[in-house]
Amino acid sequence: MRIGFIGAGKVGFTLGKFFVEGGVPVTGYWSRQREHMQEAALFTGTKQYDTLAALVNDSDALFLTVTDGAISEMFAQLCTETALSGKQICHCSGAMTAGEAFPGLSELGAYGYSIHPLFPISDPYRSWRELTGAFFAWKGTKPILRRGRKC
C-alpha cells in the first residue's frame, strides 16, 4: 500500500516519517504551502507533487492532514479534480467521523477512515520517534479496515 499526504504540517510531516521509518511506502506530499511540502518530502525522502491528480494516481491511500476546518473542502476539491475509486481516504481529526468528513465517498467507490493518533505532536522532527508506543483511534469502512490491520 502506497500512502500519499495532502497537507504537510506537523501531523502529515510526523506520520510520513513514522511510516517511512517503519517500512511503509510513502509516495510523497502535496500542499498549498509549497515550502512545507518541499521540507516534508526532503525530511521523509519522498516526492513533492505539483498536482493533486499526480499524488492520487501514485497512491493507494491518502491522508488528508490539513486543519480540521479544511478537511471537507479538501475532499470536495479531490472529488472535483481526481478519480477516487478504490482509494482509501483518511483524516486525522478527532472531531469528526469519516462519514462527516467525506460525504458520498462510498458512491465514488472509495473507502474512508478517521485515524487519530492519541499523542501530542508538537515537533515534527522529533515526535515521529515517539509514535511507536502511541495508541491510534481508528474507525472506518469495515472491508478495508480488515485489510488495513494486516498491513
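**View 1. Strands β6 and β7 run antiparallel.** Strand β6 (residues 111–117) is joined to β7 by 5 bridges, and the two run antiparallel. Ser-114 has Lys-139 of β7 as its bridge partner. The model is predicted: local features need pLDDT of at least 70, side-chain atom pairs count only at pLDDT 80 or more, and totals for chains, interfaces and linings use all residues. Residues are numbered from 1 along each chain as its sequence is written, and side-chain values use heavy atoms, without hydrogens and water.

**View 2. The sheet is open and has 7 strands.** Their order is β3-β2-β1-β4-β5-β6-β7, with mixed pairing. Strands pair if DSSP finds at least two bridges between them. Strands (E, at least two residues) and helices (H or I, at least four) are DSSP runs, numbered from the N terminus. β3 (47–48) and β7 (136–140) stand at the edges, each with a single partner strand, so one side of each lacks a neighbour in the sheet.

**View 3. Helix α2 packs on the sheet.** Helix α2 (residues 34–44) touches β2 (26–30) and β3. Contact means heavy atoms within 4.5 Å. The direction of α2 makes about 165 degrees with that of β2. Axes are lines fitted to C-alpha atoms, for helices over the stretch in contact; angles run from 0 to 180 degrees between N-to-C directions.

**View 4. Helix α4 packs on the sheet too.** Helix α4 (residues 71–81) touches β1 (3–6), β2, β4 (61–64) and β5 (88–91). Its direction makes about 145 degrees with that of β4.

**View 5. Helices α1 and α2 cross.** The axes of α1 (residues 10–21) and α2 come within 9 Å and cross at roughly 20 degrees. The two are therefore roughly parallel (angles under 35 degrees). From α1, the contact is made by Phe-13, Gly-16, Lys-17 and Val-20. From α2 come Glu-39, Ala-40, Phe-43 and Thr-44.

**View 6. The chain has 6 helices and 7 strands.** Along the sequence, the pattern is β-α-β-α-β-α-β-α-β-α-β-β-α. The C-alpha trace spans about 40 × 30 × 30 Å along its principal axes.

Technical notes: Parallel < 35°, antiparallel > 145°, perpendicular 65-115°, else oblique.
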